[in-house]
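This briefing is meant to be read beside the sequence and the 3D structure. Please look at both before going on.

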Amino acid sequence: EHPPQEQKAAQDEPVLPPDLFENRTFNIASLVMAVTFMGLMGASVFFPLFFQLVMGTSPAESGVMTVAMMVGLVASSMFNGRVLSRSGKYKMVQVAGLAVAVLAFAVLAWAMATSRGYWIIEPAIFFLGTGLGLVMPNMTIAVQNALPLARRGVGTAMLAFFRSLGGLLGVTASGAILAHQLHRHGVEAVSALGAHAAQETVDVYRHAIASVFGAGAVLLLLGLVFLLFLPELPLEGHPATLNDDQ
């Protein structure tokens with residue numbers, strides 16, 4: 001048994017305060033981030049495999065191909081900061097950003113399944129990063145703004161935890177989807193051992209990875225639906241809020 005002073009400390013200041021989950025903004029934000037990163041990380045981990053195995057690029061080139069997502073993310077984050085500082089509104093920017101990410105994911109799934117080239121895939125990757133750059137910073141701001149000062153630290157940490165948890169589950173689930181697709185269609189292609197066996201194998205991987213991106217698009221769409229229920233509270237200390245109070 002723990003000494004009385006440790007029991008009292010744990011009751012007064014628990015590691016994870018239960019009242020955190022009484023906040024609607026925190027609950028919805030955690031759900032959106034978990035579902036979004038479940039789809040994002042679960043699919044994007046297969047970018048190198050797709051570029052190298054299906055499109056025939058080198059490992060170095062496949063790394064360069066994904067830079068477009070980071071460029072879009074950084075650019076939209078800078079734009080997001082300007083919009084937020086002027087309007088004090090965070091929800092509509094998030095909705096627009098996640099909608100763009102959903103569309104980009106759907107285009108990627110379609111482009112992979114139908115053998116489209118870089119001229120479609122690269123812009124889609126860029127807009128995927130652009131959409132996410134409008135969601136992630138604003139979600140942190142929304143949670144911090146909705147929680148009292150004493151709960152902002154643990155609230156931000158838990159938001160990052162749910163984001164990481166969603167990504168972990170997404171990678172696991174997408175690996176299972178890929179393995180199922182390869183087992184379902186790949187055995188026949190590989191066992192053919194004919195002149196077209198190599199191309200058939202590439203096609204199996206192409207469609208398997210496209211199915212993973214399709215599942216990711218569905219998860220991001222689910223996150224967008226959850227995001228619609230996120231409350232938009234006045235930003236603490238923003239000039240628009242101060243004017244309303246006066």
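Predicted model: local features only at pLDDT ≥ 70, side-chain atom pairs only at ≥ 80, totals over all residues.

**Overall make-up**

- The protein has 11 helices and 0 strands.
- Read from the N terminus, its elements run α-α-α-α-α-α-α-α-α-α-α.
- Of the 246 residues in the protein, 43% are buried.
- Among contacts with a separation of 6 or more, 83% are between residues 24 or more positions apart.

**Helix α7**

- Helix α7 covers residues 118-133, which is 16 residues.
- From its first C-alpha to its last, α7 reaches 22 Å, close to the 22 Å expected at 1.5 Å a residue.
- The buried residues of α7 are Ile120, Ile121, Glu122, Ala124, Ile125, Leu128, Gly129, Thr130, Gly131, Leu132 and Gly133.

**Packing of α5 against α7**

- Helix α5, residues 67-87, packs with α7 at an angle of about 35°, and their axes are 6 Å apart.
- The crossing in which α5 passes α7 is right-handed.
- On the α5 side, the contact is made by Ala68, Met69, Val71, Gly72, Leu73, Ser76, Ser77 and Asn80.
- On the α7 side, Glu122, Ile125, Phe126, Leu128, Gly129, Thr130 and Gly133 take part.
- By type, the residues of this contact between α5 and α7 divide into 7 nonpolar, 7 polar and 1 charged.

- Not counting residues up to four places away in sequence, Asn80 touches Val93, Gly133, Leu134, Pro137 and Asn138.
- One of these residues, Gly133, also belongs to the α7 side of the contact between α5 and α7.
- Asn80 and Asn138 are 58 residues apart in sequence, while their C-alpha atoms are 8.2 Å apart in space.

**Gln94 and Val100 in helix α6**

- Helix α6 spans residues 91-113, and both Gln94 and Val100 are found in α6.
- Is Gln94 buried or exposed? Gln94 is buried, because its relative accessible area is 0%.
- Leaving out residues up to four places away in sequence, Gln94 touches Leu134, Val135, Asn138, Met139, Leu227 and Leu230.
- Between Gln94 and Gly131 there are 37 residues of separation in sequence and 8.1 Å from C-alpha to C-alpha.
- Val100 counts as partly exposed, because its relative accessibility is 31%.
- Apart from its neighbours within four places in sequence, Val100 is in contact with Phe127 and Gly131.
- The C-alpha atoms of Val100 and Thr130 are separated by 7.8 Å, and these two residues lie 30 residues apart along the chain.

**Ser115, between α6 and α7**

- Ser115 is placed in the loop between α6 and α7.
- With a relative accessibility of 44%, Ser115 counts as partly exposed.
- The phi of Ser115 is near 60°, which is a positive value in a residue other than glycine.
- Most residues other than glycine have a negative phi.

**Asn23 and Ser44, at α2**

- Asn23 lies in the loop between α1 (4-12) and α2 (24-44).
- The relative accessible area of Asn23 is 16%, so Asn23 is buried.
- What does the side chain of Asn23 reach? The side chain of Asn23 reaches the backbone oxygen of Ala146, at 3.1 Å.
- Once neighbours within four places in sequence are left aside, Asn23 is in contact with Ala146 and Leu147.
- Ser44 has its place in helix α2.
- Ser44 is buried too, because its relative accessible area is 14%.
- At 2.8 Å, the side chain of Ser44 reaches the backbone oxygen of Leu40.

How values were computed. Residues numbered from 1 in each chain as written. Heavy atoms only, no water. Helix = DSSP H or I, 4+ residues; strand = E, 2+ residues; numbered from the N terminus. Buried < 20%, exposed > 50% of the residue type's maximum accessible area, 1.4 Å probe, protein only. Polar contact = N/O pair within 3.5 Å; in protein donor to acceptor, adjacent residues only side chain to side chain. Contact = heavy atoms within 4.5 Å. Expected span 1.5 Å × (residues − 1). Axes fitted to C-alpha atoms, helices over the stretch in contact; angles between N-to-C directions. Left-handed = near helix turned anticlockwise from the far one by under 90°. Nonpolar A, V, L, I, M, F, W, Y, C, P; charged D, E, K, R; others polar.
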